[in-house]
Amino acid sequence: MFASPNQLHDATALVIEGNPQSRAILVSQLRELGLGTVAQCSRLSDARRKLEVAAFDVVICEQFFERESSSGQDLLDDLRRNQLLPFYTVFVMITAEASYSKVAEAAESALDAYLLKPHTGAKLYDRILQARLRKRALHDIFTAIDAQDFELASNLCMERFESRKPFWLYAARIGAELLLRNGRVADAQALYEAVIEAKTLPWARLGVARAQLEAGQTTRAVGTLESLIQDDAGYVDAYDVMGRAQFELGNFQNALSTFKMATTLTPASISRLLKHGMLAYFTGERSEGLELLDRATRIGLDSKMFDPQAVVLIAFARLDNNDQRGLARCVDQLTRLHERAWEPERPKRLLGIAQTLAALQANQTSQVLNDVRDMVRGIYDPGFDFEAACNLLGLLTRLAARSTPIEDMTSPVDAMGMRFCTSRAMTELLACAATGNASFSDRIRKGHTQILKITEQAMTLTLKGDPQGTVVQLLAESERTLNAKLVESAWQVLQRYADRIPNADELRARIESLRAQYDTSAPHARLGENTTAGTAPGAVSLPTRYKPARGEGEAVVEEEYVR
C-alpha cells in the first residue's frame, strides 16, 4: 500500500534563491509544510556543488539571479543532462515570468513544476504534491527501467500514451527515449511523430531529429532542426543536436557557429562551453577555444560535468607558449582529478599526457621518448580511443617541431589514421590534431582514402554475387586495422545476407568479438561530453537506480518510489 504522497516530515529540501528575504520566506514555508531538513544557498555555483554530492527530495530554485550569467533553468538542464538529479527529486522553479507557453512547456516536458510569483505556502505545497503524484503514477515504468526490463517499460509507456492516461505526454517521452537508446530508431521516430500529431511540442520535434541522426539521415535531421529553431529560437537543446549533425556532415564552421549560439544562450553551461571550446580549438580558432576552455575550467573543474580533456588541450597551449607555470598548474589540476576519480583509467592517461608535456618543456628528452614509445605500443589496445589518438598526434607533432623525433614517426601516424578515420568528420578532426605538421595531416587523410578504397573493393564482391567474400575481406581488414567503419560494414553485410553465407555463425562470432571489445558501434568523437554520466541533448534523464529506503516495510519502500 502506498504511503500518503503528502507526508513530507522525513523529506529533505534545498532552496536556491539569491534574495535573502525571498529565501527566508521559502525556507519558512517548507518548514511549515513539515519538511524535516531544509538546506539553502544563494548562488547557482554553490547549488551545483551541493546537488552533485547530496540528494534532495525537493529542490526549490529561483529562475533568474542578479549578477549571474546563468539561470535556474541552466542549472536544471546541466544536472539532468549529466544524470545528476535523481528521478524522485521534485524540482520546482520559482519565476515572475507568467508566460503560458513557458509554463506549459515545462509542465509537459522535463520540469516538475513552475511556481509564479507571488505565491503562497498552499500553492507551493500543491505544486510539490502534484509532482509527487506524477512520480507515483509512473512508478511502474521506472521500476521496470530500474530492473532493466526495457521492453516492459516501453510497453507501459505506449499503453499510457495510447489510452491518454494521466501524464501520457511524459510517458511518451520516456518511451521514445527507451526505444532510441535500444536501437529501435524507426519505432522511436514513429512515437515522436505521434506526439507531434497529438500536440506539437518542441521536445518531440527534437526527438524526431535525434532519431533521424541515429538512423544516419543526417541531412534530413538538419532540415528538421532548422524548422524547429526557426519556430523556437530559444530552444537550446536544438542547437546541441544541430551542432552534432553539422559536425558529422563535416561542416565544422557551421557547427562552430551553432555551438556558439548555444553558449551565448547559456553562458554558464559547463558542457556547452567544453563542446564549443574543443571544436574551436581543433578547427584553428585556438585563442577562442582556449578562452572557452579556461572559462569552463574556472566554473566547473570540481564539477562532475567537467571533462578533463579540456585541461590537456590547455596544457598543449601552455607548452606552445613556453608557459612553465601554466603547464605546472595543468598537471596539478589533472593530478587532483585523477586522485578523486571513481574510474581512474582515463584521468590517469590524461595526466600522463600532461606530465609528458611538462617533461618536454623541461627538456627531459629521455623521459619524453620513453613515454611516447609506451603510448605508441598501445595504439592497438582496446582502451586506446579517438581522444588518445588526438593527444598522441599532438605530442608527435611537437616532438617533430623540436627535432626530437622517435625512431619511426610515420608508422604510428599511419596506424592511427587507418584505425580512426571512420568518416570525413573524424578524419578532419584527427588531421586538425596534427596542426603544425602538414605531412602528418596528409598521412591521416590518405588513411581515410585507403579505408574508402578497401570498403569499395570489398562491396564489389557482393555486387558480383559473393557476399561471403565481402564479409571475409572486410573482416580481415577490420582485424588488421581495427577500423570501426570496416567492422560495422562487415556486420551489416552479414546481417543482410546471412542465409547465403555458409559459415555465417563463425563470421558473426568474430565480428561480435570486435564490436564488443572495441565498441565500434559508436565511433563518435567525445568533444567535451563526459560520458561517465551523460544524457544526449534533448533526452529525458532516466534513472539507473532508486533511492534506498530509509526503513523497513513495504509502505516505506513505496513512498520512496512516490518521490
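Helix axes are lines fitted to C-alpha atoms, taken over the stretch in contact, and the angles between their N-to-C directions run from 0 to 180 degrees. This is a predicted model, in which local features need pLDDT of at least 70 and side-chain atom pairs count only at pLDDT 80 or more, while totals for chains, interfaces and linings use all residues. Residues are numbered from 1 along each chain as its sequence is written, and side-chain values use heavy atoms, with hydrogens and water left out. Helices are DSSP runs (H or I, at least four residues) numbered from the N terminus.

**Helices H2 and H3**

- Helix H2 (residues 44–53) packs with helix H3 (residues 72–81) at an angle of about 25 degrees, and their axes are 11 Å apart.
- Because angles under 35 degrees count as roughly parallel, H2 is described as roughly parallel to H3.
- H2 passes H3 in a right-handed crossing, meaning that the near helix is turned clockwise from the far one by less than a right angle.
- The contact (heavy atoms within 4.5 Å) is made by Leu44, Ala47, Arg48 and Leu51 of H2, together with Gly72, Leu75, Asp78 and Leu79 of H3.
- By class, the contact of H2 with H3 has five nonpolar, one polar and two charged residues, where Ala, Val, Leu, Ile, Met, Phe, Trp, Tyr, Cys and Pro count as nonpolar, Asp, Glu, Lys and Arg as charged, and the others, Gly among them, as polar.

**Helices H16 and H17**

- The axes of H16 and helix H17 (residues 324–340) come within 8 Å and cross at roughly 160 degrees.
- The two helices H16 and H17 are therefore roughly antiparallel to each other, a term for angles over 145 degrees.
- H16 passes H17 in a left-handed crossing, for which the near helix is turned anticlockwise instead.
- On the H16 side the contact includes Val311, Val312 and Ile314, and on the H17 side it includes Gly326, Leu327 and Cys330.

**The second largest cavity**

- A search of the whole structure finds two cavities of 30 Å³ or more, a cavity being a set of points on a 1 Å grid over the protein atoms alone where a 1.4 Å probe fits but cannot get out.
- The second largest cavity holds about 60 Å³ of space, the volume being the space filled by probe spheres set on the points.
- Its lining residues (those with an atom within 4 Å of a point) include Tyr281, Phe282, Phe316 and Arg398.
- Helix H14 (270–282), helix H16 (309–320) and helix H20 (386–401) are the elements that give two or more residues to this lining, and H20 gives the most, with four residues.

Technical notes: Angles under 35 degrees count as roughly parallel, over 145 as roughly antiparallel, 65 to 115 as roughly perpendicular and the rest as oblique. On a 1 Å grid over the protein atoms alone, a cavity is a set of points where a 1.4 Å probe fits but cannot get out, and a pocket is an open set with protein on both sides within 12 Å along at least five of seven lines; lining residues have an atom within 4 Å of a point.
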